[in-house]
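Hi everyone, thanks for coming along. Let me put the structure up on the screen, and then we can walk through a few of its charged side chains together.

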Amino acid sequence: MKQNEALTILKSERNVFLTGQPGTGKTYLINQYIEWLIDNGRVPNVTASTGIAAIHVGGATLHSWAGVRDDNNLTAENVTDILENPWARERICKTEILIIDEISMVSANLLNAASLIASKAKGNDKPFGGIKIVVVGDFFQLPPVKGEFAFTAESWKQADFEVCYLTDQYRQADKVFNDILTGIRKGELNDEQKQILRDRVVDDVSGVDAVRLDTHNAKVDKINEMKLDRLPGKPNLYEMTADGNEKAIIALKKNCLSPERLFLKVGAPVLFTKNDKDKQWVNGSQGKVTEVMEHGIKVLTDGDEVIVGIEEWERSEGYGRNKKSIAKVRQLPVKLGYAITIHKSQGMTLDAAIIDVSNVFACGHAYVALSRVKSLDNVYFQGRLTGGFLNVDEEVQEFDKKILKA
(Lines give C-alpha, C1' and ligand atoms only; values in the text may rest on other atoms or scores of the structure.)
Protein backbone atom coordinates (compact mmCIF):
# COMPACT_ATOMS: atom_id res chain seq x y z
CA MET A 1 0.00 0.00 0.00
CA LYS A 2 1.19 3.53 -0.81
CA GLN A 3 1.54 6.13 1.95
CA ASN A 4 -1.20 8.36 0.50
CA GLU A 5 -3.64 5.44 0.47
CA ALA A 6 -2.80 4.64 4.09
CA LEU A 7 -3.22 8.28 5.13
CA THR A 8 -6.72 8.32 3.63
CA ILE A 9 -7.65 5.27 5.71
CA LEU A 10 -6.08 6.78 8.83
CA LYS A 11 -8.32 9.84 8.38
CA SER A 12 -11.41 7.61 8.52
CA GLU A 13 -13.08 6.52 11.77
CA ARG A 14 -11.75 2.95 11.44
CA ASN A 15 -9.30 1.40 13.87
CA VAL A 16 -6.03 0.98 11.96
CA PHE A 17 -2.96 -1.26 12.12
CA LEU A 18 -0.17 0.55 10.26
CA THR A 19 2.67 -1.83 9.42
CA GLY A 20 5.37 -2.63 6.89
CA GLN A 21 9.04 -3.53 6.70
CA PRO A 22 11.61 -1.27 8.41
CA GLY A 23 12.28 1.76 6.20
CA THR A 24 8.81 2.01 4.65
CA GLY A 25 8.03 5.27 6.44
CA LYS A 26 5.69 4.24 9.25
CA THR A 27 6.95 6.95 11.62
CA TYR A 28 6.90 9.61 8.91
CA LEU A 29 3.32 8.73 8.00
CA ILE A 30 2.02 8.65 11.57
CA ASN A 31 3.54 12.09 12.14
CA GLN A 32 1.68 13.34 9.04
CA TYR A 33 -1.53 11.90 10.48
CA ILE A 34 -0.95 13.58 13.86
CA GLU A 35 -0.40 16.94 12.13
CA TRP A 36 -3.62 16.46 10.15
CA LEU A 37 -5.53 15.70 13.36
CA ILE A 38 -4.18 18.78 15.12
CA ASP A 39 -4.90 21.01 12.10
CA ASN A 40 -8.49 19.79 12.23
CA GLY A 41 -8.95 20.41 15.94
CA ARG A 42 -8.67 16.79 17.07
CA VAL A 43 -6.34 15.83 19.91
CA PRO A 44 -4.74 12.36 19.79
CA ASN A 45 -3.03 10.66 22.71
CA VAL A 46 0.28 9.30 21.45
CA THR A 47 1.81 6.37 23.32
CA ALA A 48 4.44 3.71 22.74
CA SER A 49 5.48 0.38 24.19
CA THR A 50 8.65 1.58 25.91
CA GLY A 51 10.01 4.80 27.31
CA ILE A 52 12.60 5.05 24.53
CA ALA A 53 9.95 4.65 21.84
CA ALA A 54 7.68 7.12 23.67
CA ILE A 55 10.36 9.81 23.56
CA HIS A 56 10.77 9.19 19.81
CA VAL A 57 7.08 9.98 19.23
CA GLY A 58 6.87 12.73 21.84
CA GLY A 59 4.34 10.85 23.92
CA ALA A 60 4.02 8.64 27.00
CA THR A 61 4.20 4.89 27.51
CA LEU A 62 1.01 2.86 27.14
CA HIS A 63 1.50 1.77 30.77
CA SER A 64 1.43 5.41 31.85
CA TRP A 65 -1.65 6.24 29.78
CA ALA A 66 -3.59 3.27 31.18
CA GLY A 67 -2.32 3.82 34.72
CA VAL A 68 -0.86 0.31 35.08
CA ARG A 69 2.52 -0.71 36.54
CA ASP A 70 3.16 -3.97 34.69
CA ASP A 71 1.75 -6.49 32.21
CA ASN A 72 -0.01 -8.72 34.73
CA ASN A 73 -3.70 -9.58 34.40
CA LEU A 74 -5.97 -7.05 36.08
CA THR A 75 -8.60 -7.94 38.65
CA ALA A 76 -11.85 -5.98 39.00
CA GLU A 77 -10.37 -4.48 42.16
CA ASN A 78 -7.26 -3.36 40.23
CA VAL A 79 -9.42 -1.55 37.67
CA THR A 80 -11.46 0.15 40.40
CA ASP A 81 -8.27 1.30 42.15
CA ILE A 82 -6.81 2.69 38.90
CA LEU A 83 -9.96 4.63 38.07
CA GLU A 84 -10.20 6.07 41.57
CA ASN A 85 -7.28 8.25 40.49
CA PRO A 86 -9.05 11.32 39.06
CA TRP A 87 -6.09 12.16 36.80
CA ALA A 88 -6.11 8.69 35.23
CA ARG A 89 -9.87 8.67 34.76
CA GLU A 90 -9.92 12.16 33.25
CA ARG A 91 -7.01 11.36 30.90
CA ILE A 92 -8.73 8.24 29.57
CA CYS A 93 -12.20 9.77 29.38
CA LYS A 94 -10.88 12.70 27.33
CA THR A 95 -9.13 10.39 24.84
CA GLU A 96 -10.84 10.21 21.46
CA ILE A 97 -7.93 8.80 19.43
CA LEU A 98 -5.19 6.60 20.89
CA ILE A 99 -2.01 5.94 18.90
CA ILE A 100 0.24 3.09 20.06
CA ASP A 101 3.68 3.01 18.44
CA GLU A 102 6.17 0.07 18.42
CA ILE A 103 3.27 -2.34 18.86
CA SER A 104 5.59 -5.36 18.52
CA MET A 105 6.80 -4.79 22.09
CA VAL A 106 3.30 -4.42 23.58
CA SER A 107 2.10 -7.61 25.26
CA ALA A 108 -1.38 -9.06 24.81
CA ASN A 109 -2.04 -8.57 28.53
CA LEU A 110 -1.17 -4.88 28.36
CA LEU A 111 -3.37 -4.29 25.31
CA ASN A 112 -6.27 -6.10 27.02
CA ALA A 113 -5.71 -4.06 30.18
CA ALA A 114 -5.78 -0.77 28.25
CA SER A 115 -9.02 -1.79 26.53
CA LEU A 116 -10.68 -2.90 29.77
CA ILE A 117 -9.71 0.24 31.70
CA ALA A 118 -10.88 2.49 28.85
CA SER A 119 -14.23 0.68 28.63
CA LYS A 120 -14.81 1.00 32.37
CA ALA A 121 -13.72 4.66 32.46
CA LYS A 122 -16.02 5.63 29.60
CA GLY A 123 -18.91 3.34 30.59
CA ASN A 124 -18.84 1.90 27.07
CA ASP A 125 -18.64 -1.84 26.38
CA LYS A 126 -17.02 -1.37 22.97
CA PRO A 127 -13.29 -2.27 22.63
CA PHE A 128 -11.23 0.51 24.24
CA GLY A 129 -14.46 2.20 25.29
CA GLY A 130 -15.12 3.33 21.72
CA ILE A 131 -11.79 5.19 21.41
CA LYS A 132 -10.37 5.10 17.89
CA ILE A 133 -7.18 3.00 18.05
CA VAL A 134 -4.19 3.28 15.71
CA VAL A 135 -1.41 0.75 16.33
CA VAL A 136 1.90 1.17 14.52
CA GLY A 137 4.81 -1.21 14.09
CA ASP A 138 6.26 -4.40 12.70
CA PHE A 139 5.95 -7.67 14.61
CA PHE A 140 9.15 -8.99 13.01
CA GLN A 141 11.05 -6.53 15.19
CA LEU A 142 11.68 -6.74 18.93
CA PRO A 143 9.04 -8.74 20.85
CA PRO A 144 7.47 -8.01 24.26
CA VAL A 145 9.84 -8.49 27.20
CA LYS A 146 7.34 -11.00 28.55
CA GLY A 147 3.98 -12.31 27.46
CA GLU A 148 2.29 -12.97 24.13
CA PHE A 149 2.23 -10.73 21.07
CA ALA A 150 -0.48 -8.06 21.00
CA PHE A 151 -2.16 -9.62 17.96
CA THR A 152 -3.14 -12.64 20.10
CA ALA A 153 -5.12 -10.41 22.50
CA GLU A 154 -8.90 -10.58 22.61
CA SER A 155 -8.99 -6.79 22.42
CA TRP A 156 -7.01 -6.94 19.14
CA LYS A 157 -9.63 -9.21 17.58
CA GLN A 158 -12.47 -7.04 18.89
CA ALA A 159 -10.89 -3.86 17.52
CA ASP A 160 -11.28 -5.19 13.94
CA PHE A 161 -8.28 -3.26 12.60
CA GLU A 162 -8.07 -2.08 9.02
CA VAL A 163 -4.56 -3.14 7.97
CA CYS A 164 -2.40 -0.59 6.15
CA TYR A 165 0.66 -2.53 4.98
CA LEU A 166 3.22 -0.08 3.54
CA THR A 167 5.34 -1.50 0.72
CA ASP A 168 7.50 1.29 -0.73
CA GLN A 169 11.06 1.16 0.65
CA TYR A 170 12.79 4.45 1.56
CA ARG A 171 15.79 3.16 3.53
CA GLN A 172 17.35 0.47 1.32
CA ALA A 173 17.46 1.17 -2.42
CA ASP A 174 19.35 -2.05 -3.25
CA LYS A 175 17.01 -4.78 -4.57
CA VAL A 176 19.38 -7.56 -3.49
CA PHE A 177 19.36 -6.28 0.09
CA ASN A 178 15.59 -5.76 0.06
CA ASP A 179 15.04 -9.29 -1.22
CA ILE A 180 17.23 -10.65 1.59
CA LEU A 181 15.26 -8.73 4.23
CA THR A 182 11.99 -9.96 2.72
CA GLY A 183 13.39 -13.51 2.63
CA ILE A 184 14.28 -13.32 6.33
CA ARG A 185 10.69 -12.34 7.14
CA LYS A 186 9.34 -15.26 5.13
CA GLY A 187 11.98 -17.72 6.35
CA GLU A 188 12.87 -18.39 2.72
CA LEU A 189 16.47 -17.34 2.13
CA ASN A 190 18.02 -19.20 -0.80
CA ASP A 191 21.61 -20.50 -0.87
CA GLU A 192 22.87 -17.49 -2.83
CA GLN A 193 21.36 -15.05 -0.31
CA LYS A 194 22.80 -17.01 2.61
CA GLN A 195 26.23 -16.86 1.01
CA ILE A 196 25.93 -13.09 0.50
CA LEU A 197 25.37 -12.76 4.25
CA ARG A 198 28.26 -15.11 5.09
CA ASP A 199 30.51 -12.95 2.92
CA ARG A 200 29.77 -10.02 5.25
CA VAL A 201 31.48 -11.80 8.19
CA VAL A 202 34.86 -10.23 9.00
CA ASP A 203 37.38 -11.03 11.70
CA ASP A 204 39.11 -7.65 11.75
CA VAL A 205 37.11 -4.40 11.56
CA SER A 206 39.84 -2.14 12.94
CA GLY A 207 39.79 -0.07 9.75
CA VAL A 208 36.01 0.12 9.45
CA ASP A 209 34.30 3.41 10.31
CA ALA A 210 30.98 2.14 11.63
CA VAL A 211 28.96 1.89 14.82
CA ARG A 212 28.99 -1.48 16.59
CA LEU A 213 25.61 -3.03 17.44
CA ASP A 214 25.63 -5.36 20.42
CA THR A 215 23.04 -7.09 22.58
CA HIS A 216 24.13 -5.97 26.05
CA ASN A 217 24.42 -2.52 27.65
CA ALA A 218 27.46 -3.36 29.78
CA LYS A 219 29.59 -4.27 26.76
CA VAL A 220 28.43 -1.24 24.78
CA ASP A 221 29.26 1.15 27.64
CA LYS A 222 32.70 -0.38 28.12
CA ILE A 223 33.58 -0.14 24.42
CA ASN A 224 32.50 3.52 24.26
CA GLU A 225 34.45 4.38 27.41
CA MET A 226 37.64 2.62 26.34
CA LYS A 227 37.58 4.00 22.80
CA LEU A 228 37.12 7.57 24.03
CA ASP A 229 39.99 7.17 26.51
CA ARG A 230 42.33 6.28 23.64
CA LEU A 231 41.75 9.62 21.91
CA PRO A 232 44.22 12.37 22.88
CA GLY A 233 43.18 15.27 25.07
CA LYS A 234 40.90 15.85 28.03
CA PRO A 235 37.19 15.05 27.53
CA ASN A 236 34.56 17.78 27.66
CA LEU A 237 31.62 17.01 29.96
CA TYR A 238 28.06 17.98 29.03
CA GLU A 239 25.55 17.42 31.84
CA MET A 240 21.83 17.08 31.31
CA THR A 241 19.58 19.70 32.92
CA ALA A 242 15.92 19.22 33.79
CA ASP A 243 12.82 20.76 35.29
CA GLY A 244 9.26 19.70 35.99
CA ASN A 245 7.61 16.73 37.69
CA GLU A 246 10.28 14.64 39.43
CA LYS A 247 8.93 11.23 38.40
CA ALA A 248 8.53 12.37 34.79
CA ILE A 249 12.11 13.70 34.81
CA ILE A 250 13.42 10.34 36.03
CA ALA A 251 11.56 8.56 33.23
CA LEU A 252 12.80 11.05 30.61
CA LYS A 253 16.41 10.65 31.75
CA LYS A 254 16.15 6.87 31.75
CA ASN A 255 14.78 6.66 28.25
CA CYS A 256 16.53 9.54 26.51
CA LEU A 257 19.12 8.19 24.08
CA SER A 258 21.44 11.07 24.96
CA PRO A 259 23.16 10.24 28.27
CA GLU A 260 22.80 12.25 31.46
CA ARG A 261 26.59 12.80 31.54
CA LEU A 262 28.10 13.00 28.06
CA PHE A 263 31.87 12.97 27.63
CA LEU A 264 33.22 14.02 24.22
CA LYS A 265 36.56 14.75 22.55
CA VAL A 266 37.54 16.03 19.13
CA GLY A 267 37.65 13.03 16.80
CA ALA A 268 35.00 11.02 18.67
CA PRO A 269 32.28 9.45 16.50
CA VAL A 270 28.73 10.28 17.54
CA LEU A 271 25.21 9.14 16.75
CA PHE A 272 22.46 11.74 16.63
CA THR A 273 19.63 10.90 19.01
CA LYS A 274 16.95 13.24 17.68
CA ASN A 275 15.73 14.57 14.36
CA ASP A 276 16.82 18.13 13.58
CA LYS A 277 13.99 20.55 12.85
CA ASP A 278 16.11 22.03 10.03
CA LYS A 279 16.78 18.53 8.66
CA GLN A 280 20.57 18.80 8.96
CA TRP A 281 20.55 15.33 10.57
CA VAL A 282 18.09 12.64 11.64
CA ASN A 283 17.90 10.23 14.55
CA GLY A 284 20.65 7.67 13.84
CA SER A 285 22.81 9.87 11.59
CA GLN A 286 26.52 9.34 12.18
CA GLY A 287 29.20 12.00 12.48
CA LYS A 288 32.55 12.93 14.01
CA VAL A 289 33.21 15.70 16.52
CA THR A 290 35.45 18.40 15.02
CA GLU A 291 35.25 20.96 17.82
CA VAL A 292 34.04 21.04 21.42
CA MET A 293 32.59 24.25 22.86
CA GLU A 294 31.10 25.23 26.20
CA HIS A 295 27.47 24.80 25.13
CA GLY A 296 27.76 22.83 21.94
CA ILE A 297 29.92 20.98 19.45
CA LYS A 298 30.73 20.97 15.76
CA VAL A 299 30.15 17.69 13.95
CA LEU A 300 31.15 16.54 10.48
CA THR A 301 28.20 14.55 9.16
CA ASP A 302 27.49 13.47 5.60
CA GLY A 303 30.26 15.75 4.29
CA ASP A 304 29.00 18.89 6.06
CA GLU A 305 30.17 20.46 9.30
CA VAL A 306 27.19 21.41 11.46
CA ILE A 307 26.91 23.25 14.77
CA VAL A 308 25.02 21.19 17.33
CA GLY A 309 23.51 22.94 20.35
CA ILE A 310 21.52 21.82 23.35
CA GLU A 311 18.15 20.27 22.50
CA GLU A 312 15.09 19.59 24.63
CA TRP A 313 13.07 16.44 25.28
CA GLU A 314 9.64 16.94 26.78
CA ARG A 315 6.95 14.90 28.47
CA SER A 316 3.61 16.56 27.88
CA GLU A 317 -0.11 16.01 27.77
CA GLY A 318 -2.39 17.28 25.04
CA TYR A 319 -1.52 18.87 21.70
CA GLY A 320 -1.72 22.25 20.02
CA ARG A 321 -3.18 24.98 22.23
CA ASN A 322 -4.10 22.39 24.87
CA LYS A 323 -0.56 21.07 25.20
CA LYS A 324 0.68 21.05 28.80
CA SER A 325 4.35 20.42 29.62
CA ILE A 326 4.97 18.06 32.55
CA ALA A 327 8.76 17.76 32.44
CA LYS A 328 11.73 18.66 30.26
CA VAL A 329 15.34 17.51 29.96
CA ARG A 330 18.07 19.25 27.95
CA GLN A 331 21.21 17.78 26.45
CA LEU A 332 23.20 17.63 23.23
CA PRO A 333 21.26 15.42 20.77
CA VAL A 334 24.14 12.95 20.40
CA LYS A 335 25.72 9.97 22.10
CA LEU A 336 29.08 8.32 21.59
CA GLY A 337 28.93 6.35 18.36
CA TYR A 338 31.47 3.60 18.87
CA ALA A 339 28.75 1.16 20.01
CA ILE A 340 25.02 0.98 20.77
CA THR A 341 22.62 -1.80 21.78
CA ILE A 342 20.40 -3.37 19.14
CA HIS A 343 17.42 -2.52 21.33
CA LYS A 344 18.24 1.20 21.28
CA SER A 345 18.91 1.12 17.54
CA GLN A 346 15.29 0.27 16.73
CA GLY A 347 13.83 3.24 14.88
CA MET A 348 17.23 4.43 13.64
CA THR A 349 18.64 4.54 10.13
CA LEU A 350 22.39 3.86 10.07
CA ASP A 351 24.94 4.50 7.34
CA ALA A 352 27.05 1.51 8.40
CA ALA A 353 27.14 -1.04 11.23
CA ILE A 354 29.29 -3.77 12.71
CA ILE A 355 26.81 -6.32 14.07
CA ASP A 356 28.10 -8.61 16.82
CA VAL A 357 26.04 -11.80 16.50
CA SER A 358 27.91 -13.70 19.23
CA ASN A 359 25.19 -13.21 21.86
CA VAL A 360 21.99 -12.77 19.86
CA PHE A 361 19.36 -14.26 22.16
CA ALA A 362 15.92 -13.29 20.84
CA CYS A 363 13.97 -13.70 17.63
CA GLY A 364 14.12 -10.48 15.68
CA HIS A 365 17.36 -9.24 17.27
CA ALA A 366 19.58 -9.77 14.24
CA TYR A 367 16.83 -8.76 11.80
CA VAL A 368 16.37 -5.41 13.58
CA ALA A 369 20.12 -4.77 13.50
CA LEU A 370 20.48 -5.68 9.82
CA SER A 371 17.47 -3.66 8.72
CA ARG A 372 18.85 -0.45 10.31
CA VAL A 373 21.54 -0.13 7.64
CA LYS A 374 21.01 1.60 4.30
CA SER A 375 23.35 -0.60 2.23
CA LEU A 376 24.45 -4.22 2.48
CA ASP A 377 27.95 -3.07 1.48
CA ASN A 378 28.16 -1.31 4.85
CA VAL A 379 27.07 -4.31 6.95
CA TYR A 380 29.81 -6.19 8.81
CA PHE A 381 29.10 -9.27 10.94
CA GLN A 382 31.37 -10.43 13.72
CA GLY A 383 30.99 -13.76 15.44
CA ARG A 384 29.73 -17.11 14.23
CA LEU A 385 26.69 -17.06 11.97
CA THR A 386 24.66 -19.99 13.27
CA GLY A 387 21.79 -21.48 11.29
CA GLY A 388 19.27 -19.69 13.49
CA PHE A 389 20.84 -16.29 14.07
CA LEU A 390 18.33 -14.66 11.69
CA ASN A 391 15.35 -16.62 12.96
CA VAL A 392 12.06 -14.79 13.23
CA ASP A 393 9.08 -15.96 15.24
CA GLU A 394 6.96 -18.56 13.40
CA GLU A 395 3.79 -17.18 15.01
CA VAL A 396 4.63 -13.76 13.55
CA GLN A 397 5.26 -15.29 10.12
CA GLU A 398 1.83 -16.94 10.18
CA PHE A 399 0.16 -13.73 11.30
CA ASP A 400 1.95 -11.79 8.55
CA LYS A 401 0.85 -14.27 5.87
CA LYS A 402 -2.72 -13.98 7.11
CA ILE A 403 -2.91 -10.18 6.94
CA LEU A 404 -1.19 -10.11 3.53
CA LYS A 405 -3.84 -12.47 2.14
CA ALA A 406 -6.74 -10.48 3.61
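By a salt bridge I mean a side-chain nitrogen of Lys or Arg within 4 Å of a carboxyl oxygen of Asp or Glu. This is a predicted model, where local features need pLDDT of at least 70, side-chain atom pairs count only at pLDDT 80 or more, and totals for chains, interfaces and linings use all residues. Residues are numbered from 1 along each chain as its sequence is written, and side-chain values use heavy atoms, with hydrogens and water left out.

The structure holds 18 salt bridges. One of them pairs E162 with R14, with the closest N and O atoms 2.9 Å apart. These partners sit 148 residues apart, E162 in strand β6 and R14 in the loop between α1 and β1; helices (H or I, at least four residues) and strands (E, at least two) are DSSP runs, numbered from the N terminus.

Next, K219 and D214 meet at 3.3 Å, N to O. Is D214 buried or exposed? With a relative accessible area of 1%, D214 is buried, whereas K219, at 34%, is partly exposed. Buried means under 20% relative accessible area, exposed over 50%, partly exposed in between, using a 1.4 Å probe and protein chains only.

Now for R372, which is buried yet has no salt bridge. Its nearest side chain of opposite charge, D138, is 6.6 Å away; Lys and Arg count as positive, Asp and Glu as negative, and His and the chain ends are not counted.
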